[in-house]
Every structure is written in C-alpha cells, then in structure tokens.
Amino acid sequence: MSRKSWQGLILVAAGAAGTAALLGLADNYVLRLATTVGMYAALALAWNLVGGYAGYPSFATAAFFGLGAYTAGVLQSAVSLPFPLAWPAAAAVAAAFAAALGGAILHLRGHYFAIASLVVADVLRELTNMWTDVTGGGMGLNLPLLDVGGVAGQARFYFLAMGLMAALATLLTWWTDRGRLGMALRCIEQNENAAQVIGLDTRRAKAAALTLSGLIAGGTGAVYASWVTYIDPTDVYDVLLSVKPILMALLGGVGTVAGPIVGALAFLALEEVLWRNVLEFHAGLLGLLVVLLVLFLPDGLRALRRRAAAGG
Amino acid sequence: MGTLLRFAGVARRFGGILALAGIDLEIRQGEIVGVIGPNGAGKTTLVNAATGVHRPTAGEVHFEGRRIDRLRPDQIARLGVARTFQIVQPFPRMSVLENVAAAALFSGGARSLSQARDQARETLAFCGLQEREALPAAALSLAGRKRLELAKSLAMRPRLLFLDEVNAGLNPAEMDAALALIRATAARGIAIVLIEHLMKVVMQASHRIVVLHQGRLIADGAPDAIVRDPAVIQAYLGNRYAQRHGTQATP
C-alpha cells in the first residue's frame, strides 16, 4: 500500500476510535467541543475544495452555511419536514445556489473573485432580514427540538451528526483529490491558462468545486440550525464563518485531505485556550495569530515538520 | 492531401492596431509549415486566433470543415489542435509526469488517471524526458521545459500542432535535438505549424513557408522560392541573407 493510503487508513481509524471513546467517556462539555471540531473540519474542508485545490480565495462559506441553516429551519418549522429530509434538502439548495453563483462569479480571478464572494453572505443576510413572513426576519427562527433523549442524548446525537458531516466532507475531498476533478483543480490552481490549452473545461471544473463546497457548508449549516434550535441572520451569515475555515486550512495545509481536519483541531484548541485565559483580548490575539501564520508559515504546520527534517 | 485548417479573411484588431489584416491560409494534413516574419508581424496572433485565445474581429477559421473561431480554447484543444507557448507554461509544482498526464487526461482520450499516466510515459519516452518524470516541472532547465511543452501537446494526440518559438533560447546541440523531435512528430502524421525566428531551422524543417508582415501574408511557397522572393527579402530577410543564400543555391 502507498504512503498516502496508509495515512488515509490511520485517519479513518483515529476518527472511529476517537468517536467511540468520546461517546463512551466524555461529558457534555467535551462533546460540545468535539461537535464544534466536526463543524469546523467540515467547513474547512468545504473551503479547501475551492480555496485550496482550485486556488480561488472564496469568502462564500458563510453564505452557503447560512442558506443551509435557513432552508433547513424553514422546512422544519413551517412545513414540518422531518430532519432526515430537511437536512439533505438544505444541502441540495445550498449546492444549487453555489452552482448558480459559480456561473456568475467564477470568471473573476484573484482579489476580484474574493470580493465578489464576500458580499454574497451580506446580500443573503439582508434578504433573510427582509423576508419576514418566511424567515422571521431579524427576530430569528425557532426550530423544533428533536426528541433524542434529554440533554445527554442531544449532546451525543449532534456530536454524531456533525461527525458524519465531517466524515462526508473528508470522503468527498478524498474522492476529489485522487480523481479527475482533483487533477483539474490542481492544474487550474497552478496555471489556469495552460489548463485551458490542454483541453480542460476550467469553468465546469471550478463550478463543480464550488458546488461541492456549497453542498458541504449548506449541510453543515442545516445540522447547526437543529443543534442550536434558534438561528438569526447575523449569527448564521457571520463573516467569521467564512474567515475561520480559511485559517484552519492554512494552519493544517491547503490543498490536502488531512490538512483542514488537523487545522480545525489546532484552531479550536487555540481558540479555547485564548478564550479561557484572555477573555477581553482573545479576538485580538486570534488576529495576531493570522498575521504570524501568513508571515511565517504560509504552507501551514506541515512546513514545521519539513523544516525540522531539513535541519536535523 | 486534405485541408486540415483554413483561415478565411481572418482579421484581428487590438484597439488601433490591426494585428492581422485578412489572412487566407490553408494547412494540409501531415505538412510542416514554417511561419516567419519580423517581431510584431502577427505570428503569435495567428496562433491565438486559431486556438481560441483571441476571437478574430473578422473572418472565419475552420478545422476539418468545422467552424471553430467561436469556440473556447479548451473546446478547440479537444478537437485536436494543440499548441506550445513562446513563454513556457508548465504546471510548476506538479511533476513532469503529472503535467503530461493532465494533457492526456483532458484531451488525449485517456479514460482514467492511471491510463493517462501510461500514455504520458510513452510520450515522455518519445521526447527523451522519461528519466526526469518525477521532478517538479519548475526544476527543469529551459531546454527541458520546452521539451515538456512539446510532450504536453503531443499527449493531447493532436491532428495539428502549433509550435511557437520552441527553439528560442536553445544552444545549437539542443536545437538539433529539437529539430529531430519535430521531424519525428511530423512522421507520426501530425501537421505542424512552426513559428520561428531562426531561418536555419525553418529552412531545414519546413515543407512550405509563409511570411507575415504587418499583419498581412506577403508570401506562401516552397522554402527555396521564399528566400528569393523580393518582397520577403525587403520585409524580413535583408539583402545580406539573400546574397549569402543566393551564392549557396547557385554554384
């Protein structure tokens, strides 16, 4: 077996063992943290497909997340659709939206694409605010509490649901990485003009990456909405939902399968430590971390290992 | 032999500059056509008009009887028109093998990545790059990168290949090797359009030479006839070249 498939196997085994251990041993606080890791990992993987593999700096993750959350919320509260149908439906809506968005803005490159993708969440937030009849507007939206067995049952259920989203995102990324689409995205990232000249339909490949990104982020938003049972536009269209996944992917290494997962873990650990110890200035320190990361570790934590190997 | 590519009245304007002013030209199956002309004559624009990089402002381009001047570059590439760039365009952080495999995958008819890699290995062997397949493309020398450009184009299994200054910047030994490679490529039945500044290469390799000057096609004929054409001498070759060539041609 190749080194890559060993790494994959170890990742799967570690994930399964970790999940089992947490379900058996952890208290609700640890489970909540683990659920957040799952959510962060899924979002970082979603961004990584567009931002990492294709090299298109997307800030649309929050838009897909919020759209997924609201679609799932409205379907469950207004139409009383059960969650096993509402979640996939929300993911599909976000994916379709991402595909359409891709057609509109993926011909832009670099900064222009970044800015165009950044405003999408703002537009959706305002639309959600205005469409009071359906979304509840600024008042927010309450979701039905799922009957999955008290507080402890809830914690376990959402830990598993987010874990499943992360696993799904990992699977999609792995499948992309080793196949035709991954090759296409890597070509686009390294030289888009040359990619077109060798006969690659770059528009289709980029749109496919953005659609997968929308699918994952939208599904994650749907699970999140049920988890917190109350969503409002400022919460689910928060720009931090676009920025944090980028940091995680940068931290772990962009354009890889494992990078965003490792990055999500590292990021949450940092966030918890900072939040606990420097409550007033934790956002400032997070900002400082970003600066240091971009300046000294543009290739992520992997570079440390490589440097250690080169030095020793 | 049948016509492969046909330019009919192709013009291309960039703002106030007419880079191509109504070009009529046919490329036939299996031939090597040299395109010469001074800097800014419109040679690269001609390639760009045929490969979908620039849409002609007027006129039409047909490939195997099908109009292609409204198609995107990737569509034209998949039809069987490949090109190399004057300034090489590798995927720098991908290995030499992956560079060529990508071309085989998206235009060379490979059904899977492993099949694409097999096809890429064949092409690399043909181009003499097989020992460097694991290197990142950025690690190759200029001559190596030019070879890689050619390997990428060949992996697309084209019917027609534009070579835009593949010999520029090469030393004489590298140039001889490149020339042999171009001939071997043509022997596979691929028509070649050779954009070139080096007269020695064009004269040795081409079956036919066309001359561009200020966006116009001023001559089209056999190499020996071209170098004696007064219009070509005046526009491009200069009298000294004509004299030297003349003394060699007529003993």
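Guide: Let us begin with strand β3 (residues 32–36) of chain B: 5 of its 5 residues are buried, so the strand is largely enclosed by the rest of the structure. This is a predicted model, in which local features need pLDDT of at least 70 and side-chain atom pairs count only at pLDDT 80 or more, whereas totals for chains, interfaces and linings use all residues. Residues are numbered from 1 along each chain as its sequence is written, while chains are lettered from A and ligands numbered from 1 in the order in which they are written.

A residue is called buried if 20 or more other C-beta atoms, placed from the backbone, lie within 10 Å of its own; with 12 or fewer it is exposed, and in between partly exposed. Strands (E, at least two residues) and helices (H or I, at least four) are DSSP runs numbered from the N terminus.

In a regular strand, side chains alternate between the two faces of the sheet. Both faces of β3(B) are covered: Ile32(B), Gly34(B) and Ile36(B) are buried on one side, and Val33(B) and Val35(B) on the other.

Strands pair if DSSP finds at least two bridges between them. β3(B) pairs in the parallel sense with strand β8 (residues 191–195) of chain B over 4 bridges, and Gly34(B) stands opposite Leu194(B) there. A parallel pairing over 4 bridges also links β3(B) to strand β9 (residues 208–213) of chain B, where Gly34(B) faces Ile209(B).

Chain B also holds an open sheet of 4 antiparallel strands, in the order β2-β1-β4-β5. Its edges are β2 (17–28) and β5 (66–67) of chain B, each with a single partner strand, so one side of each lacks a neighbour in the sheet. Strand β4 (residues 58–63) of chain B is joined to β5(B) by 2 bridges, and His62(B) has Arg67(B) as its bridge partner in β5(B).

Turning to the contact between the chains, chain A contributes 16 residues and chain B 18, where two residues are in contact if their C-beta atoms, placed from the backbone, lie within 7 Å. On the side of chain A that touches chain B, α8 (180–190) and α9 (192–197) of chain A each supply at least two residues.
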